[in-house]
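Subject: Structure for your review

Hello,

Here is the structure I said I would pass on.

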Amino acid sequence: MLGKGLLGIYLSVLVLLPVAALLAKSSTGGTSSFWRAISSPEAVAAIKLTLIATAIVVVINAVFGTLIAWVLVRDEFPGKSIVNAVIDLPFALPTIVAGVVLLALYGKGSPIGINVAFTRVAVGLALLFVTLPFVVRSVQPVLLELDYSMEEAASSLGAGSGTVLRRIVLPSLAPAIISGVALSFARAVGEFGSLVLITGNLPFKTEVGSVYIFGQIENDNLPAAAAVSVLLLAAALVVLGILSFVSGRLSRHVQ
Amino acid sequence: MAIEARNVGKRFGDFVALDDVSLTVGDGALTALLGPSGSGKSTLLRIIAGLETPDTGEVVIGGEDVTSAPARTRGVGFVFQHYAPFKHMNVHDNVAFGLSVRKRPKDEISARVAELLALVRLDGLAARYPSQLSGGQLQRMALARALAVQPQVLLLDEPFGALDAQVRAELRDWLRRLHEEIHVTTIFVTHDQEEAMEVAEQIVVMNHGRIEQAGAPRTLYEAPSNEFVMSFIGPVNRLGDAYVRPHDIQLLADSDGTGTEALVERVVHLGFEVRVELKLSDGRGVWAQVTREEAQLLELQVGQILSVRLPPPRVFV
Amino acid sequence: MSSSEGAVTLSPPTSGRIPRRAPAGDALRSARARKLTLRAIALGYLALLLLTPVAMIFYRTFEHGLAPVWDAITAPNAQSAFWLSIEIVAIAVPLNTVFGIGMALLLERGRFRGKGLLGLVIDLPFAISPVVVGLALVLVYGKTGWFGNWLGEQGFQIIFSVPGMVLATAVVSLPFVARETIPVLRELGTDAEQAAETLGASGWQTFWRVTLPGIRWGVVYGVVLTTARALGEFGAVSIVSGRIEGQTQTLPLYVQDRFENFDSTGAYTAAVVLALLALATLLVMNLLTRRTRRETAA
């Protein structure tokens, strides 16, 4: 009983009260001021960039994440266990360091002559870096469990490797890919640390939603910051909800 | 210590696990709770142990109402179906657990543990971890652990269920002898009628959350009080409303006028026992159990016509 | 056909594997080519996105020798940033560990209404941007926030000081311990705990002697993840800290500060220290997974 009470207090102090305060602040001026806050040109540009960049990034993640998981499970090559271990590096690496790391190779004075700093490409690059492990790590265990004899049965029935991939493997992996995509999406929509150095935070150009919120806080415009925050949080939760529903529906028969 | 359950009821959601069950187990008895899965036997055992609370009714152990007492104060030794070993402790520490939570002196604990390990024939394995033991050894360790605190009552949930046939037979025999030695009131749960018949002094047959019949193994076999008990304990033929044990069916080579005619449809040799599937003249099918010698004398073969003498059938209302 | 069927029923079942048709030489070669292509694409992607950039900062840090690196490490602001980060981790991680285990026990063993909701609340920090976490904390504990004024009158300053930074760090790293412990707790089951109970152990004795040892590797794994996240948190801490040099500047904030002041050696050095800590985290994570895999195999 005592434990439950303490847990309740802890969660209230850390999560419930702050979220409530955020919702309250975003609606202080009613719907019209909420609407004004999220429809200012700079906010619209930032939100649009966030959503579009995130959408592109999660698609790339779905493809490359699945591919990397495939190679890690079905292929054998020297150093595989090391590659497997470093997949998690973006989770372990502080986000600000992720930004520095990318700038070291793709920034000013790049040793390979590629400088994407302060461009929209940098936004995508940073988001790809920090979300890399999600799809890999959700697909990998499913692929490990996937019954190889199912694929063998399919090819013994005369299916070509393309057909096996399309009809047997991908449907089994789809729920895992989608849940990895959902996690990537939530992470990318709110990403901040890895972006501040490499994107230059140029309004209307490379400024994403979280950076915009940060700027509004610095300018002491808390209601506007709260309004955009609520919008981004809602977007993350809605996408998480939809994708986990879809993934649940798809995995009904597989399980 | 005698155990008594009075009018115990328990539901899990809509499912009635126990429906007004009353049961008395005498001091020092060895009792089996026998029934198909979902019959409520494990729930009853867990309620006696204090691992579940009944919705209605009382549990009395040694004359004391323990219905609301927590499991740890009931003085009950419980052996779990999958042994529930403490995987991070070695055999010695597993067996010593009950004594060490009671903060007994170290030398007393190690003396008692050594004694118990000898009793369950695990001496020499004290330093092993559960992952290094076989199923039968785990079972015996779990038993020693339960006995270490000198329980007044020993409860075992499907104690041999997860073991292979040979080890199971050995352990059954051993449990019966152990009980003769330490004489603690013991209840074990099983779905295997043969196991119950072989080990227990008293069998309680359960079905759908109720007790169908309780009594000595022989009584249950010879005087079952209803069709469930009759068909659960031993094989039966069902002829309309009547029940006949296959070994009570007599087969005769020549008709002497007292039997009915039957056609042999299949003969299955199971070593000493031979099963004969028959079609009676009225079209009903039965099977009979005969010995190898009888089968040889009758020169049994498919297609043969025999005379069959049925015993007075048992009818339950 | 019938004779072969008879043979099948008589012979004991062999392996369940369906024999694969021997592929023709061409097919074999093209399968191999496909495999190599996939491997090259996957490894190339990882090299470009992950490995080369990380290797690059090590090169950048040490390209002018060790002396400037040493100067950067021993700079007073770097030192104070490092120790402040350690201080925050030393408070936030134990808090989240204790409460994380408590939440896991409640979610996995408890029976109460609103359990699903509690699970959502615990996971919420994963769905919220760190910046938003910082903002939400300011709105509650800042000067103009719900309780900031009152707390200030009592002599507690939360925002723009260490308590706020601890709070922010605790929020963003909240879910890890619970999330890593819950599956282990489920795997452990309740049998051993009930066995302890029938043997006379009290609730506390059961927790310390049976439950906790049973889930220890899950907890440790969660603690490692919590520590990594806590050490590296940037956005939320950035907002609630006020970024006062030498006072409320953690190591990640120091990296940004150095970078924006064109002190690339200082920035790279601090980044390398953090990267080394991240690599150590990875190492520990791998050792732990190997260990649990061995134990479950046994």
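Two residues are taken to be in contact if their C-beta atoms, placed from the backbone, lie within 7 Å. Please keep in mind that this is a predicted model.

By that cut-off, 20 residues of chain B touch 16 residues of chain C. On the chain B side, strand S6 (76-79) and helix H2 (91-101) are the elements that give two or more residues. That side of chain B is made up of 11 nonpolar, 5 polar and 4 charged residues.

There are 2 pairs of chains in contact, and chains A and C share the most contacts. Here 63 residues come from chain A and 66 residues from chain C. Helix H1 (residues 2-26) of chain A gives the most to the chain A side, with 14 residues. Sorted by class, the side of chain A that touches chain C holds 50 nonpolar, 8 polar and 5 charged residues.

Chain A and chain B are not joined by any contact. The closest C-alpha atoms of these two chains are 17 Å apart.

One helix of chain A is also worth a note. Helix H11 (residues 209-218) of chain A is mostly covered, with 8 of its 10 residues buried. The buried residues of H11(A) are Gly209(A), Ser210(A), Val211(A), Tyr212(A), Ile213(A), Phe214(A), Gln216(A) and Ile217(A). After H11(A) comes Asp220(A), which has a positive phi, near 65°.

Regards

Note on methods. Residues are numbered from 1 along each chain as its sequence is written. Chains are lettered from A and ligands numbered from 1 in the order in which they are written. This is a predicted model: local features need pLDDT of at least 70, side-chain atom pairs count only at pLDDT 80 or more; totals for chains, interfaces and linings use all residues. Helices (H or I, at least four residues) and strands (E, at least two) are DSSP runs, numbered from the N terminus. Ala, Val, Leu, Ile, Met, Phe, Trp, Tyr, Cys and Pro count as nonpolar, Asp, Glu, Lys and Arg as charged, and the others, Gly among them, as polar. A residue is buried if 20 or more other C-beta atoms lie within 10 Å of its own, exposed if 12 or fewer, and partly exposed in between; C-beta atoms are placed from the backbone.
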